[in-house]
Every structure is written in structure tokens, then in C-alpha cells.
Amino acid sequence: GLPVGAYHFADVTKSPSQSAGAQAEAEWFVANAALKAGDLPPVLDIEQNNGLGTLALTNWVMTWLERVRQLTGIYPMIYTSPNFWQTQMGNTAWFAQNGYTVLWIAHWGVNAPTVPASNWGGRGWTFWQYSSTGSVAGISGAVDLDRYRGSALAASLFIP
């Protein structure tokens, strides 16, 4: 009864073939994620630039997201921190304005998260990771803690 989904940590590379690298990562992800109806949408975790500038990094993210969407028909959600998005992604609102409306924001130790990209195109956050030091019975060590902005997960969040 727990909603699940597939998550991809971006391995951004600095090379002449960045676009090809993003496409290859997206294709590998889709081939291995086993996405199915009833799952949450796939997630791209973008928190490292590996030396790429804002334009190259934005193009890498765009290429990965668009390739996953082409292969699955699903708009992935984006996981990032406000600082990373503002400083490394140029605080672009393009993604929020072009169908990538589900934002999972990592902002720890605050009463409310800062939401980049003009409050994610006016939509705000969907999921908020508010701590990396939580505890859960049966799990040793610290765990991340998250909130959903709502009382029950919206049906529109799930893969049809």
C-alpha cells in the first residue's frame, strides 16, 4: 500500500558529448526502472554540476528529462535544493513552465522551504525533504524525512 517510484541520481559529465551522455543515462534509467501504472513519476536528482556551467548543465537536465518523457510518456519530477537550482541552474523557470511541474525540494532545517524558479512557476513545492537526520523504527542510522503538500497524494501524481 506504499506508493513507490524510481529515482535517478544524475551523473553529469563534462565532455564534448554531454547531450549523448544525458540521453544514454536516461535510456539506461528507463530500461532498468521498471516503471508501472500506480507508481509515482520517475525522479531526476540534480545536485552536482561536475564542472558544467549553467547553460551546459541546464541542457543536460533538459536532455535527460525530455528523453525519459519521450520513452515513457511521463513527465519526471525534479529533486534539487533551492541553492543548487538558483546558483547552478540559473534559477530557470523553463522546466516548471514546460510540464515538469512536480518539484521535490530538499531544504533542511527551515520552517518552510525556499522554492526556486519563481515559486516553481507559481505552483510551489510538491514534496519537501525537510531533514536528513530523521529516525525510523527498524532502520539503523539517519534517514531523510519528507512531506507532501496536501492531505492525500493526488491521483494526478501517479503513472496511469
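This briefing covers the cores, strands, pockets and selected residues of one predicted model.

Residues are numbered from 1 along each chain as its sequence is written, and side-chain values use heavy atoms, leaving out hydrogens and water. Because the model is predicted, local features need pLDDT of at least 70 and side-chain atom pairs count only at pLDDT 80 or more, while totals for chains, interfaces and linings use all residues. The largest nonpolar core has 31 residues, and the largest pocket holds about 320 Å³ of space.

**Nonpolar cores**

- A nonpolar core is a set of buried Ala, Val, Leu, Ile, Met, Phe, Trp, Tyr and Cys residues joined through side-chain atoms within 4.5 Å. Buried means under 20% relative accessible area, exposed means over 50%, and partly exposed lies in between (1.4 Å probe, protein chains only).
- In the largest core, of 31 residues, those with the most contacts inside it are Ile46, Trp60, Trp64, Phe95 and Trp120.
- Two or more residues of this core come from each of α1 (18-33), α2 (54-72), α3 (82-88), α4 (94-97), β4 (103-106) and α5 (116-122). Helices (H or I, at least four residues) and strands (E, at least two) are DSSP runs, numbered from the N terminus.
- Helix α2 gives the most to this core, with six residues.
- Another core, of nine residues, lies apart from it and includes Val43, Ala106, Phe127 and Leu157.

**Strands and their pairing**

- Two strands pair if DSSP finds at least two bridges between them.
- Strand β2 (residues 43-45) pairs with β3 in the parallel sense over three bridges, and Asp45 stands opposite Tyr79 in β3.
- In a regular strand the side chains alternate between the two faces of the sheet.
- In strand β3 (residues 77-80), Met77 and Tyr79 point one way, Ile78 and Thr80 point the other way, and all are buried.
- β4 and strand β5 (residues 127-134) are also paired in the parallel sense, over three bridges. Trp104 has Phe127 as its bridge partner in β5.
- β5 and β6 run antiparallel and are joined by five bridges. Here the partner of Phe127 in β6 is Tyr148.

**Pockets**

- Rolling a probe the size of a water molecule over the atoms shows where empty space is left.
- On a 1 Å grid over the protein atoms alone, a pocket is an open set of points where a 1.4 Å probe fits, with protein on both sides within 12 Å along at least five of seven lines; lining residues have an atom within 4 Å of a point. Grid points are joined across faces, edges and corners, and a volume is the space filled by probe spheres set on the points.
- The largest pocket, of about 320 Å³, is lined by 14 residues, of which Leu40, Met77, Trp104, Phe127 and Asp146 are the closest to its centre.
- Strand β6 (residues 143-148) supplies the largest share of this lining, three residues.
- By class, the lining of the largest pocket has eleven nonpolar, one polar and two charged residues. Ala, Val, Leu, Ile, Met, Phe, Trp, Tyr, Cys and Pro count as nonpolar, Asp, Glu, Lys and Arg as charged, and the others, Gly among them, as polar.
- The second largest pocket has a volume of about 170 Å³. Its lining has 14 residues, and those nearest its centre are Pro41, Ile74, Tyr75, Ser156 and Leu157.
- The lining of the second largest pocket divides into ten nonpolar, four polar and no charged residues.

**Backbone angles**

- Most residues other than glycine have a negative phi, and most peptide bonds are trans.
- Asn91, in the loop between α3 and α4, has a positive phi of about 55 degrees although it is not a glycine. Asn91 is partly exposed, at 32% relative accessibility.
- Ala117, in helix α5, also has a positive phi, near 55 degrees. Ala117 is buried, with a relative accessible area of 0%.

**Selected residues and distances**

- Thr63 is in helix α2 and is buried, with a relative accessible area of 17%. Not counting residues up to four places away in sequence, Thr63 touches Ser19, Ala22 and Gln23, where contact means heavy atoms within 4.5 Å.
- Ala20 lies in helix α1 and is partly exposed, with a relative accessible area of 45%. The C-alpha atoms of Ala20 and Ala117 are separated by 26 Å, and the two residues are 97 residues apart along the chain.
- Ala33, in helix α1, counts as buried at 19% relative accessibility. Ala33 and Thr114 are 30 Å apart, C-alpha to C-alpha, and 81 residues apart in sequence.
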